[in-house]
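Biologist: I would like to learn how to read a structure like this one. Please give the general idea each time, then the case at hand.

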Amino acid sequence: MSDDILTSARQWLEAGHRVAIATVVKTWGSAPRPAGSQLAVRDDGAFVGSVSGGCVEGAVIEEAQSVMRDESVRKLEFGVSDEQAWAVGLACGGRIEIFVEPVAG
Amino acid sequence: MKQRTLQALDDAHREGRAVVRAVDLLSGEEALIHPGNDSSELEQAAGKAARADQSTSVEIGGRTWFLTVCNPPLDLAIVGAVHIAQPLSVMAQIAGYSVRVIDPRTAFATAERFPGVSLSHEWPDEALAKAPLGTRSALVALTHNPKVDDPALTAALSSGCFYIGALGSKKTHAGRRERLKQRGFSDAALDRIRGPIGLAIGARSPAEIAVAILAEMTWQLRMGGSEEQPAARGTASG
């Protein structure tokens with residue numbers, strides 16, 4: 001976990017925001033970021049870090065915001081995109097599993 | 001993740017301590033593990049992941065845990081506060097290194113030239129005895145001056161650091177090898193020193209040379225400096 005992600009998440013919490021962390025937990029084939037790569041998301045949608053080359057971050061941020069509201073954990077899987085879903089697929093043809101969790105008090 | 005876990009991870013990172021966070025991917029239950037305390041199966045797996053510097057998932061007793069490795073930052077010791085050291089110190093910090101510059105010449109190693117970098121005006125052997133090189137360290141010798149570079153290279157060769165590079169032409173490097181050989185280092189040991197320093201990418205300016213050096217450090221760190229020609233390959237996976 002890199003320091004800027006930890007530090008940003010900590011500062012956001014201390015400023016009274018809700019925060020969730022998304023972590024790449026498994027990859028298959030040509031995945032853009034290795035297992036352990038993380039994204040910290042603030043309740044208003046601001047984020048630091050990455051879990052892909054920018055392909056699925058938008059979808060992960062939405063899930064992260066819903067996880068903050070539910071205070072639940074969630075596993076997401078993204079694979080090769082179909083034609084309609086290019087925005088939330090991986091153009092590189094890989095497959096990744098992402099674990100999303102809220103940071104709770 | 002508990003807020004106090006996040007704080008503990010952030011503190012460990014600032015203080016340069018390795019820590020592994022385990023999370024049950026079904027329930028979200030978590031544990032903080034300090035590598036070295038390998039009594040349970042989960043702790044053993046965490047210790048292994050930390051040593052490999054590789055976050056990974058493990059199955060233990062029917063549960064799937066993901067282990068996030070938080071290792072202390074990589075360490076780059078630059079000997080010689082020369083022009084190349086300026087872009088190199090900035091680029092290496094972006095790449096995740098904690099950077100220190102060692103140069104006994106006080107006019108070179110100044111805070112104006114190296115904002116935010118830890119500076120030492122000691123001789124390299126003294127500075128490296130106080131803060132030794134470890135397995136996550138790289139040493140780059142840039143002074144061209146054997147009186148400064150040689151003690152630094154001697155300390156590096158006696159350490160387990162993952163990268164040693166020295167600036168200078170093939171001829172300069174041959175002379176350096178001869179001097180260090182007389183101090184008792186074998187040819188195999190001296191082969192650890194990358195000289196002339198940096199990948200052959202035609203670098204000219206100090207910033208380009210810094211790119212070549214950082215690329216060679218990355219190659220050594222991630223691929224063990226395998227002889228497969230890195231410059232001929234795609235540079236990133238994915």
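Modeller: Domain bounds come from an automatic or database domain assignment. Here, chain B is split into domain 1 (3-70) and domain 2 (74-230). Before going on, note that this is a predicted model, in which local features need pLDDT of at least 70 and side-chain atom pairs count only at pLDDT 80 or more, while totals for chains, interfaces and linings use all residues. Residues are numbered from 1 along each chain as its sequence is written, chains are lettered from A and ligands numbered from 1 in the order in which they are written, and side-chain values use heavy atoms, with hydrogens and water left out.

Biologist: How far apart are the C-alpha centres of the two domains of chain B?

Modeller: The C-alpha centres of domain 1 and domain 2 of chain B are 32 Å apart.

Biologist: How many residues of chain A and chain B are in contact?

Modeller: Contact means heavy atoms within 4.5 Å. On that rule, 25 residues of chain A meet 25 residues of chain B. Another way to describe an interface is buried area, the accessible area (1.4 Å probe) that two parts lose on being put together, summed over both. Between chain A and chain B it is about 2,100 Å², and carbon and sulfur atoms give 59% of this.

Biologist: How many salt bridges cross the interface of chain A and chain B?

Modeller: A salt bridge is a side-chain nitrogen of Lys or Arg within 4 Å of a carboxyl oxygen of Asp or Glu. The rule finds three across the interface of chain A and chain B. In one salt bridge, the side chains of Arg10(A) and Asp11(B) meet at 2.8 Å, N to O. Arg10(A) and Asp11(B) also belong to a network of salt bridges that links them with Glu14(A), Asp10(B) and Arg14(B).

A polar contact is a pair of N or O atoms within 3.5 Å; within protein, one must be able to donate a hydrogen and the other to accept it, and residues adjacent in sequence count only if both atoms are side-chain atoms. Nine residue pairs (both at pLDDT 80 or more) are in polar contact across the interface of chain A and chain B.

Biologist: Which elements of chain A supply at least two residues of the side that touches chain B?

Modeller: Helices (H or I, at least four residues) and strands (E, at least two) are DSSP runs, numbered from the N terminus. On chain A, α1 (3-14), β1 (19-28) and β5 (95-102) each supply at least two residues of the side that touches chain B. The largest share, seven residues, comes from α1(A). For residue classes, Ala, Val, Leu, Ile, Met, Phe, Trp, Tyr, Cys and Pro count as nonpolar, Asp, Glu, Lys and Arg as charged, and the others, Gly among them, as polar. The side of chain A that touches chain B has 14 nonpolar, six polar and five charged residues.

Biologist: How many salt bridges does the structure hold over all chains?

Modeller: Over all chains, there are 23. One of the pairs is Glu63(A) with Arg74(A), whose closest N and O atoms are 2.7 Å apart. This pair links distant parts of the chain, with Glu63(A) in helix α2 (residues 57-70) and Arg74(A) in strand β4 (residues 74-78), 11 residues apart. The side chain of Arg74(A) also forms a salt bridge with that of Asp70(A), at 2.8 Å, N to O.

Biologist: Is Arg74(A) buried, partly exposed or exposed?

Modeller: Buried means under 20% relative accessible area, exposed over 50%, and partly exposed in between (1.4 Å probe, protein chains only). Arg74(A) is partly exposed at 24%. Glu63(A), at 27%, is partly exposed, and Asp70(A), at 46%, is partly exposed.

Biologist: Where does Val20(B) lie, and which residues does Val20(B) touch?

Modeller: Val20(B) is in strand β1 (residues 19-24) of chain B. With a relative accessibility of 0%, Val20(B) counts as buried. Leaving out residues up to four places away in sequence, Val20(B) touches residues including Ala31(B), Leu32(B), Ala46(B) and Val69(B). Val20(B) and Gly47(B) are 27 residues apart in sequence and 8.0 Å apart in space, C-alpha to C-alpha.

Biologist: Which residues of helix α3 of chain B are buried?

Modeller: In α3 (residues 85-94) of chain B, the buried residues are Ala85(B), Pro87(B), Leu88(B), Ser89(B) and Ala92(B). Their cover includes β5 (74-79), β6 (97-102), β8 (137-141) and α8 (206-223) of chain B. Just after α3(B), Gly96(B) takes a positive phi of about 105°.
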